[in-house]
Amino acid sequence: MTDLTNPRLIKIKGFLFLVIGIAAAVLLILEQPTVRVGVLLAISIWCFCRFYYFAFYVIQHYVDPNFRFSGLLAFCRYMMRRNNPGSEQDRPKT
C-alpha cells in the first residue's frame with residue numbers, strides 16, 4: 001500500500017476519524033448513560049491523546065531528535081530496542 005499524499009484525501013481521512021470517534025463515544029454513552037461512563041470515556045480519550053503526543057512529539061523533540069516514527073508500531077519497536085541492553089542502538093559508537 002502506498003502512502004496517502006493527496007491533501008484532500010488526507011483531510012477526509014482525518015474528518016472520518018473524528019466522525020467515527022464521536023459516533024463510538026455517543027454509542028458508548030447511550031449504552032450506559034451514566035456520569036461515571038462519560039467521565040471514564042473522557043479520561044480514556046485524554047490519556048490516549050497524551051500518549052500519542054508523547055510517542056510522536058516528545059520522543060522526537062526531547063529524547064531522540066534523530067529518530068522519525070512512521071507509526072505506533074515503529075514507536076513500539078523503538079522502545080523495545082531502547083530498553084534492550086546490548087541492542088545496536090545502545091552500544092557505544094567506535
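A: Start at alanine 74, which counts as buried because its relative accessibility is 10% (buried means under 20% relative accessible area, exposed over 50%, and partly exposed in between, with a 1.4 Å probe and protein chains only). Keep in mind that this is a predicted model: local features need pLDDT of at least 70, side-chain atom pairs count only at pLDDT 80 or more, and totals for chains, interfaces and linings use all residues. Residues are numbered from 1 along each chain as its sequence is written, and side-chain values use heavy atoms, leaving out hydrogens and water.

Alanine 74 sits in helix α3, residues 72–82 (helices are DSSP runs of H or I with at least four residues, strands are E runs of at least two, and both are numbered from the N terminus). Go back 19 residues in sequence and you reach alanine 55, with the two C-alphas 10.0 Å apart in space.

Alanine 55 leads us into α2, where it is buried along with Leu41, Phe56, Val58, Ile59 and Gln60. Across the protein, 16% of the 94 residues count as buried.

Let's stop at glutamine 60, which is also in α2. Its relative accessible area is 14%, so it's buried. Skipping neighbours within four places in sequence, glutamine 60 is in contact with Pro65, Phe67, Arg68 and Phe69 (contact means heavy atoms within 4.5 Å). α2 also has a bend of about 40° at phenylalanine 54, taken as the angle between axes fitted to the seven residues ending there and the seven starting there.

Now for the partner of α2. The axes of α1 (residues 7–31) and α2 (residues 35–63) come within 9 Å and cross at roughly 155°; axes are lines fitted to C-alpha atoms, for helices over the stretch in contact, and angles run from 0 to 180 degrees between N-to-C directions. That's why α1 and α2 are roughly antiparallel (over 145 degrees; under 35 is roughly parallel, 65 to 115 roughly perpendicular, and the rest oblique). Who touches whom? Ala25, Leu28 and Ile29 of α1 meet Val37, Gly38 and Leu41 of α2. Five of these contact residues are nonpolar, one is polar and none is charged (Ala, Val, Leu, Ile, Met, Phe, Trp, Tyr, Cys and Pro count as nonpolar, Asp, Glu, Lys and Arg as charged, and the others, Gly among them, as polar).

Stepping back, the protein has three helices and zero strands, in the order α-α-α.
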